[in-house]
Amino acid sequence: MSNIPLNPRTPPTSGFTAQPSPPPSPRATARRIRPRGAVAALVTAVIGALLIWAVAVPLGGLDLELAASGQSVGPVSIIGAVLIGGAAAWLLLSLLIRLRRGRAWWTAVAIAVLVLSLTGPPLSGAGVPVLVTLELMHLVVGIVLILGLRRSAVRQVGAGRTVIGEAS
């Protein structure tokens, strides 16, 4: 087939044209996790829990010890628990965001895990002041991680060009 245009005003083509790709549909858009946002959520959760501990223990004179196990809750155990839980939440989010409505599924699972974690302190046999402090830590860490990690899962939009070929 010849490259002579049928319309004299139309320039001949080489057989291939580069055109901007159409904007992705909302359903076809993939998500990714911004590492900076996820790390910020983890750090904020650690700081929040440590602030609660600092107000309760050194300033308030409370002894954060679990009666059932005799385990004392200190900064090292707080940091470890938040980082392990946060890393698990981040991993689950990175797996689920690949699915349709994955972020919504992750949010539901994260809220369920937070609610289940709130049953731990009462089952430990802690006294009321210790119980209130531990529950407050669980709520602050859970809410910060849920909101922060959910916010770090952003749409991944590719702004490339698509090459469309013509059959000759």
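Buried means under 20% relative accessible area.

**Figure 1. Overall fold of the protein chain in the predicted model.** By the definition above, 28% of the 168 residues of the protein chain count as buried. The secondary structure consists of five helices and four strands. Read from the N terminus, the order of elements is β-β-α-α-α-α-α-β-β. If contacts are limited to residues at least 6 apart in sequence, 80% of them join residues at least 24 apart. The protein chain has an accessible surface of about 11100 Å². Carbon and sulfur atoms account for 68% of that surface.

**Figure 2. The largest nonpolar core.** This core contains 30 residues, and Trp106 and Leu149 are those with the most contacts inside it. At least two core residues come from each of H1, helix H2 (75–96), helix H3 (102–117) and helix H5 (128–152). H1 gives the largest share, with eight residues.

**Figure 3. Surroundings of tryptophan 106.** Residues up to four places away in sequence are not counted in this view. Beyond them, tryptophan 106 touches Ala89, Leu92, Leu93 and Leu96, as well as Leu145, Ile146, Leu149 and Arg150. One of these partners, Leu149, is named together with Trp106 as having the most contacts inside the largest nonpolar core.

**Figure 4. A nonpolar patch on the surface.** The patch is formed by Val39, Val43, Ile47 and Leu51. Together these residues have about 340 Å² of accessible area. Isoleucine 47 lies in helix H1, which spans residues 35–59. Isoleucine 47 counts as partly exposed because its relative accessibility is 45%, and the partly exposed class covers values between the buried limit of 20% and the exposed limit of 50%.

**Figure 5. Valine 140 and its contacts.** Valine 140 is located in helix H5. With a relative accessible area of 24%, valine 140 is partly exposed; a buried residue would have to be under 20%. Leaving out residues up to four places away in sequence, valine 140 touches Gly48 and Ile52. The C-alpha atoms of valine 140 and valine 46 are 9.5 Å apart in space, while the two residues are 94 residues apart in sequence.

Terms used. Residues numbered from 1 in each chain as written. Predicted model: local features only at pLDDT ≥ 70, side-chain atom pairs only at ≥ 80, totals over all residues. Heavy atoms only, no water. Buried < 20%, exposed > 50% of the residue type's maximum accessible area, 1.4 Å probe, protein only. Contact = heavy atoms within 4.5 Å. Areas by Shrake-Rupley, 256 points an atom, 1.4 Å probe, with all protein chains shown as cover. Patch = residues over 30% accessible without salt bridge, like charges linked within 9 Å, V, L, I, M, F, W, Y side chains within 5 Å. Salt bridge = Lys/Arg side-chain N within 4 Å of Asp/Glu carboxyl O. Core = buried A, V, L, I, M, F, W, Y, C linked by side-chain atoms within 4.5 Å.
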